[in-house]
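Subject: Handing over the model

Hi,

Here is the structure I promised to pass on. Have a look at it, and then read my notes below.

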Amino acid sequence: MKSPCIRYKCIQCCLDTEMLLQKEDIERIKGSGFDNSHFVVNRDGWLQLKNYDGRCVFNDGKKCLIYEYRPEGCKLYPIIYDEGKNHATLDIDCPHRDEFKISKIKEKLVFYLVETLIEERRQRRNLTN
């Protein structure tokens, strides 16, 4: 069965994205033929996907152009990390969130991703200080 995103042709999560990138995401996307300068922006040590015309640089208005190479955070979405409550939750901005479930495995993947992103940012900041 197709995901709700594909079934409804939904690109809501690609609009004004603040998707964080880990080194592994960047290398995978670079391996598909893109240069960092095309898709990465550094905001206070956090590496994020760039936006163009209000959407992810890799979204053409209909679909993701790098779907098979997309970042881990995109693969896990609409499961996100709620920092205030320290747990994984479904993003309230996702119009189809009721069709997704948070499995224990995906919850662990979200926590691992968050830990990785925090550690990589810490390392980047230590290099500049």
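First, the ground rules. This is a predicted model, in which local features need pLDDT of at least 70, side-chain atom pairs count only at pLDDT 80 or more, and totals for chains, interfaces and linings use all residues. Residues are numbered from 1 along each chain as its sequence is written, and side-chain values use heavy atoms, with hydrogens and water left out.

**The pockets**

A pocket here is an open set of points on a 1 Å grid over the protein atoms alone, where a 1.4 Å probe fits and protein lies on both sides within 12 Å along at least five of seven lines; lining residues have an atom within 4 Å of a point. Volume is the space filled by probe spheres set on the points, which are joined across faces, edges and corners. Helices (H or I, at least four residues) and strands (E, at least two) are DSSP runs, numbered from the N terminus.

The largest pocket has a volume of about 800 Å³. Its lining has 24 residues, with Glu-18, Met-19, Leu-20, Ile-80 and Tyr-81 nearest the centre. Helix H5 (104-128) is among the elements that supply at least two lining residues, and the largest share, 5 residues, comes from H5.

The second largest pocket holds about 620 Å³ of space. It is lined by 28 residues, and Cys-5, Cys-13, Tyr-67, Arg-70 and Cys-74 are the closest to its centre. Helix H1 (4-7) and H4 each give two or more residues to this lining, with H4 giving the most, 3 residues.

**The hairpin**

Strand S1 (residues 40-43) and S2 pair in the antiparallel sense over 4 bridges; pairing requires at least two bridges found by DSSP between two strands. Val-41 in this pairing stands opposite Gln-48 in S2. The two strands form a hairpin with 2 residues between them, and Asp-44 in the turn has a positive phi of about 55 degrees.

**Phe-58**

Look for Phe-58 in the loop between strand S4 (55-56) and H4. Phe-58 is buried, at a relative accessible area of 2% (buried means under 20%, with a 1.4 Å probe and protein chains only). Beyond its neighbours within four places in sequence, Phe-58 has contacts (heavy atoms within 4.5 Å) that include Ile-29, Phe-34, His-38, Phe-39 and Leu-49.

Cheers

Terms used
Buried < 20%, exposed > 50% of the residue type's maximum accessible area, 1.4 Å probe, protein only.
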